[in-house]
Amino acid sequence: ASAPSFSADDVVVVYDRNSKVAGEVVVAVEKDSAMAPKKVDYAVLPSSDASNLAELARQRGLTEKEMKRLTKTHSASAVLPSGALIQNLELDPWPLLRELRYRTCLEYPKLDEWKEMEQKYFVPLRSLKGPWWKQPEALELLAKQLDEVGFVIIDDFLPENMARAVKASNMKLYEESEMQEG
């Protein structure tokens, strides 16, 4: 099997290559990205590319319903690294363009900074046994990380089924334009 045409960090634009309006989304992304101050990590994938779509679904945990949406005729959608979908881009590409522009503003930690955070916060948190979230040490570590770094990462906080339910709920809010910034 050949390697997928996208990386784990890419926003993947899936479009019907036989549709002029879906193709215009790709052109808009390419033009907008060319003007970005930093490289934008995205990949373009025709909806007819079954093997890459299957790999995308596997890597990002896409449902059958989401896969159907990606292969809809005359459509363009984007799949974020988290597995979230931005749909109906053939009607309005701006949600995707805003997302890609936002990603040019993100700064990822350097490797040595990440290793320091791993040792200082993540390893001690993972070492807690039982219901770790009830332990004062956990709250102290999370509060310390939030104070010193400005954000908190909690790996495997929710069971897989609950995380998927939260994702589905958030996607429904987004699709119904109920999602708000803040």
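Leaving aside neighbours within four places in sequence, Thr-104 is in contact (heavy atoms within 4.5 Å) with Ala-36, Pro-37, Lys-38 and Val-40. The structure is a predicted model, in which local features need pLDDT of at least 70 and side-chain atom pairs count only at pLDDT 80 or more, whereas totals for chains, interfaces and linings use all residues. Residues are numbered from 1 along each chain as its sequence is written, and side-chain values use heavy atoms, with hydrogens and water left out.

**Overall architecture**

- The protein contains seven helices and four strands; helices (H or I, at least four residues) and strands (E, at least two) are DSSP runs, numbered from the N terminus.
- Along the sequence, these elements follow the pattern β-α-β-α-α-β-β-α-α-α-α.
- The C-alpha trace spans about 55 × 40 × 35 Å along its principal axes.
- Of the 182 residues, 35% count as buried; buried means under 20% relative accessible area, exposed over 50%, and partly exposed in between, with a 1.4 Å probe and protein chains only.
- Among contacts between residues at least 6 apart in sequence, 55% join residues at least 24 apart.

- Two packed helices are described by the angle between their axes and the distance between the axes.
- Axes are lines fitted to C-alpha atoms, for helices over the stretch in contact, and angles run from 0 to 180 degrees between N-to-C directions.
- The axes of H1 (residues 20–34) and H4 (residues 94–103) come within 10 Å and cross at roughly 30 degrees, which makes H1 roughly parallel to H4.
- Angles under 35 degrees count as roughly parallel, over 145 as roughly antiparallel, 65 to 115 as roughly perpendicular and the rest as oblique.
- The crossing of H1 and H4 is right-handed; a crossing has this hand if the near helix is turned clockwise from the far one by less than a right angle, and is left-handed if anticlockwise.
- On the H1 side the contact is made by Ala-28, Val-29, Asp-32 and Ser-33, and on the H4 side by Leu-96, Leu-97, Leu-100 and Arg-101.
- These contact residues divide into five nonpolar, one polar and two charged, where Ala, Val, Leu, Ile, Met, Phe, Trp, Tyr, Cys and Pro count as nonpolar, Asp, Glu, Lys and Arg as charged, and the others, Gly among them, as polar.
- Trp-94 is found in H4 and counts as partly exposed, at 40% relative accessibility.
- Trp-94 and Val-25 are 69 residues apart in sequence and 9.4 Å apart in space, C-alpha to C-alpha.

**Helices H5 and H6**

- H5 (residues 111–127) and H6 (residues 136–149) pack at an angle of about 155 degrees with their axes 9 Å apart, which makes H5 roughly antiparallel to H6.
- The crossing of H5 and H6 is left-handed.
- Met-117, Lys-120, Tyr-121, Phe-122, Pro-124 and Leu-125 of H5 meet Ala-138, Leu-141, Leu-142, Lys-144, Gln-145, Glu-148 and Val-149 of H6.
- By class, the contact of H5 with H6 has nine nonpolar, one polar and three charged residues.
- Leu-146 lies in H6 and counts as partly exposed, at 48% relative accessibility.
- Leu-146 touches Phe-151 and Val-152, not counting residues up to four places away in sequence.

- Thr-104 lies in the loop between H4 and H5 and counts as buried, at 10% relative accessibility.
- H7 (residues 160–175) has 16 residues and reaches 22 Å from its first C-alpha to its last, close to the 22 Å expected at 1.5 Å a residue; the expected span is 1.5 Å times one less than the number of residues.
- Just after H7, Ser-177 takes a positive phi of about 55 degrees.
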